[in-house]
Every structure is written in C-alpha cells, then in structure tokens.
6 protein chains.
Amino acid sequence: MTMNTPTLVPNNRLITTTAEEGRHLAIKLARLVVKATQPDEEVRKRLRDVYANDASFLIQVSHVTAIEFATIAAANDYWRNTNR
Amino acid sequence: MTMNTPTLVPNNRLITTTAEEGRHLAIKLARLVVKATQPDEEVRKRLRDVYANDASFLIQVSHVTAIEFATIAAANDYWRNTNR
Amino acid sequence: MTMNTPTLVPNNRLITTTAEEGRHLAIKLARLVVKATQPDEEVRKRLRDVYANDASFLIQVSHVTAIEFATIAAANDYWRNTNR
Amino acid sequence: MTMNTPTLVPNNRLITTTAEEGRHLAIKLARLVVKATQPDEEVRKRLRDVYANDASFLIQVSHVTAIEFATIAAANDYWRNTNR
Amino acid sequence: MTMNTPTLVPNNRLITTTAEEGRHLAIKLARLVVKATQPDEEVRKRLRDVYANDASFLIQVSHVTAIEFATIAAANDYWRNTNR
Amino acid sequence: MTMNTPTLVPNNRLITTTAEEGRHLAIKLARLVVKATQPDEEVRKRLRDVYANDASFLIQVSHVTAIEFATIAAANDYWRNTNR
C-alpha cells in the first residue's frame, strides 16, 4: 500500500490532549485528503479562494469536519476525563 | 499544530450540563469551523445573509448541526441522568 | 453561551417514552435549528412553501431527520424494553 | 408534542424479526417523514414520479434509507442471533 | 408490512464471512433500494448509463456504499477474528 | 454473490498497523467502489481529471473518505494502543 501521498495523519495518531486539538486535527485530516487527491499546490490555492467565498462550500467543509471530529472524539473517549 | 484560527471548542470541552446547552454547542462548533476557514468577518456576514434566505442552505446547516450534536450527545451519555 | 435563540430541545431532554415520540422529537430538533438560524417567521414560511413542493428538499428533510433520530434512538437504548 | 402528522413509526417500535423487515422499515420511516412534511397526497405523487426517474434522487433515497437502516440494525443488535 | 418489492437483504442477514463479502453486500443493499424505488428495469438501466459517466454520481454511489458498509462492518464486529 | 468486480477490500481486512495506513485504506476503499461501478479505465481517468480541479468534488471525496475512515478507525479500536 504505497502511494505518493503526503502524510495523511499528523503524528500518525488520533489521540490528542484536548478537544480543541482534536478539532484542529479534524480540519487537518480533511485537508490532507484533498492534498493527496489534488497534489498541485497552485490548483488547491485557486480552488480554496473559490470555496472560501461560497456559502455552500463552507457548509460542506464544516460537514466533513464534523464527521472527522466524531471519529477523533470517540477515539479520545470524548475527553471526558480532562479539563473538568 | 499551530494555526491562526480562533478557538474551535468553547471552554475546550464537549461536556455540557443539559441537552439544550449541548445543542447550542453543536451550532457553535459548526460556526467556528466556518470562521476558521473564512476568517473575514465581512465575507461571512454577506454569505450568512444569503444562506439564511435559502431553504437548501438552512437544511444544510441543520444537517451539520445534527452531526455535531450526535457527537456531543454521546460524549454526555445522552444526558440520561439529568432532568428526569 | 447565551444566544437569542428559541428553545432548541423541547423539555431539555432526549429521553422519550416511545419510538413514535422520538421521531416527533427528531423532526422538531431539526426545525428548531432552522428557526434559530432564520428567526424571521415570514421568511421561514415562504421557504417552507418552496421546499414542501420540491422532491430534493423533501429528501433532504428526511435525511436530517434520520440523523437526529439516530441520536435520539441511541439515547433511548432504541426503546428495546418498551412496547414488546 | 401533538402534531397533525400520520404515524411516524409503524407499530411504534424499531425491533423487527429479520434484517429484511428492518430494511422495509427503513424505507417506510423515510417515507413517513416526507408524508408528515408534505401531507398532500397529490403533490407527493407528482414529486415521486419525478424522482423515480432521476438518478440523483434515487441515490439520495438510497442514502437516507442507509442511515435509517443503520439505526434499526443497531437496535436489533444486527440480527446476529437469527437466521444463522 | 407487505410491499411489492424485491428482496432487500440477500440471504436475509448482514453477517458475512469476510470483509470483501461485506463490501459486496453493501453495494448490493444500496442497489436493491434503488430497485424497490424504481422497479422498471429499463429506466434503471438508462439512469445507470448516466451516472456511471458522471463523477458526482460515482462519488455519491461510493458515499452510500460507505454508510451501508459501516453498518455491515459493525454487525460483523469488523471481522476482527478472521483472516489474520 | 458473484460479481465481475475487482477486489473491494485490499488484503480482505480492515485491521491496519497504524492510523496512517488506515487512512490510506479509507481512500482505497472509496476508489475501489468507483472502479466496480465504472470499470472502464479510460472513463475513470477522464472523470478524475475533472473532479481533481473542482472544489465541490474534492470536498465530496474527503467526505466519503471520512466515513470510510470512521469504520476503519473503530475496527482498529482507534489505534489507541499503538504509537504512543
């Protein structure tokens, strides 16, 4: 299973110290898949300028983030034992 | 993992006292991802005026909220032991 | 966490007596998010007249309801011990 | 919680004898939400004629069914102990 | 609960021997809902020719398959004890 | 259950050594369903050139990947005991 892709999971783990870090990771995971699918930095930058100004795309980005976060939150047992 | 983003998880935790607060948090989480993706307040305000008047966007917002809420509700063990 | 929003969770709990009530709650939860996002009654009524006649919107409404219901059903342990 | 809606959950339960029945229930649950949202039989029939001939709508219908079924299957512990 | 639909769950169970078979079942479950919604073979064939050549439809098909597979995989405890 | 499809699950298992490999598998699973639905290599290549330059498609690809990954991550107990 070798692909010419960038790293897909930073630090190779889903465990984070806090929910805030988990949220950052969720955003990062989604972006890294886009990067693997479209490796051309210039193309990605151009597309990003488009979707950051389009309500529908912004909602789609938040949608994907919500799904990635659900996995990360479960992996961290929802950070129940931290920050109380 | 440093990004110039606003806080993504208020109070840095998913645990809330009630389901009502959990629902507010779900809405908030979705909005904060949009804010991180499009930091320009003016652009966000303009897009918001658009989607608040479009049935499809409103349904998409409720869709994302439902997913965020699923995670929060599970984190709080569905608030089974409160408000009975 | 104070927002000028209507109540988002009726009775502030996800626990219902039956699956039927759980289904009603799922529909209600989705509608209350729309209400919080677009507080103007007139606008909502106009949008509703549109989507109630559009197959795609109706499917989207059923989609969101399905997600909300998944959370409610799990919260109620799927009502396994009732109505048998 | 009184709405002028039809029954939303046939027999008021998610428990079924087999996976096949669970699948029927999933389809039924999705349809009953559409019925509650658009009670006009004539309108629904017209919309149905449209979406049954549109690939995108058919995929959306299968999408919603998949979500409803996930809930029903979990409620029934995936019918692990039946039909083996 | 009698509908003039084809079988919706082959063999009436979600348990499969391997992950590969589980994946086939996921594709099959999605197709059978489409078949139940649009029983006309000719219409389905025509729609299939359309979506098999449209990137967006292909992604939607993979999306629904992913959801069905999530259910099947959980039902089979992810085939953790097989094929190691 | 015999279809003229390529392998749908590489190595016929969801268990991977690391989260990074799990992420690769998620991407792979989604692609293999597309391959099974549209076996013509030339058509797939043409569609791929399109969607790799379209923001909406890229987000959809990341969406499906997120769902497949949720299943794989759960199957691997979120790789909690590895790479710490």
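Within chain A, confidence is lowest in helix H2 (residues 41-51) of chain A, with a mean of 91, and highest in helix H1 (residues 19-37) of chain A, at 97; the score in question is pLDDT, the predictor's confidence in each residue, from 0 to 100. This is a predicted model, in which local features need pLDDT of at least 70 and side-chain atom pairs count only at pLDDT 80 or more, while totals for chains, interfaces and linings use all residues. Residues are numbered from 1 along each chain as its sequence is written, chains are lettered from A and ligands numbered from 1 in the order in which they are written, and side-chain values use heavy atoms, with hydrogens and water left out.

**Confidence**
- The average pLDDT of chain A is 90, and 90% of its residues score at least 70.
- For the complex, the predictor gives an ipTM of 0.90 and a pTM of 0.93.

**The fold of chain A**
- Chain A has three helices and zero strands, where helices (H or I, at least four residues) and strands (E, at least two) are DSSP runs numbered from the N terminus.
- Read along the sequence, these elements of chain A give the pattern α-α-α.
- Taken along the principal axes, the C-alpha atoms of chain A fill a box of roughly 40 × 35 × 15 Å.
- Of the 84 residues in chain A, 60% count as buried, a word that here means under 20% relative accessible area, with exposed meaning over 50% and partly exposed lying in between (1.4 Å probe, protein chains only).
- Among the contacts in chain A with a separation of 6 or more, 60% come from residues 24 or more positions apart, and a contact means heavy atoms within 4.5 Å.

**Surface and charge of chain A**
- The accessible surface of chain A is about 3700 Å², and 47% of this area belongs to carbon and sulfur atoms; such areas come from the Shrake-Rupley method with a 1.4 Å probe, and for residues only the protein chains shown count as cover.
- Chain A has 11 positive and 9 negative charges, whose mean positions are 4 Å apart; Lys and Arg count as positive and Asp and Glu as negative, whereas His and the chain ends are not counted.

**How the copies are arranged**

- Glu68(A), in helix H3 (residues 55-75) of chain A, counts as buried because its relative accessibility is 0%.
- Leaving aside residues up to four places away in sequence, Glu68(A) touches Ala26(A), Leu29(A) and Ala30(A), together with Arg23(F), Ser62(F), Ala66(F) and Phe69(F).
- Gly22(F), in helix H1 (residues 19-37) of chain F, counts as buried because its relative accessibility is 0%.
- With residues up to four places away in sequence not counted, Gly22(F) touches Thr16(F), Phe69(F), Ile72(F) and Trp79(F).
- Gly22(F) and Ala66(F) are 44 residues apart along the chain, and their C-alpha atoms are separated by 11 Å.

Note on methods:
The place of a charge is taken as NZ of Lys, CZ of Arg, CG of Asp or CD of Glu.
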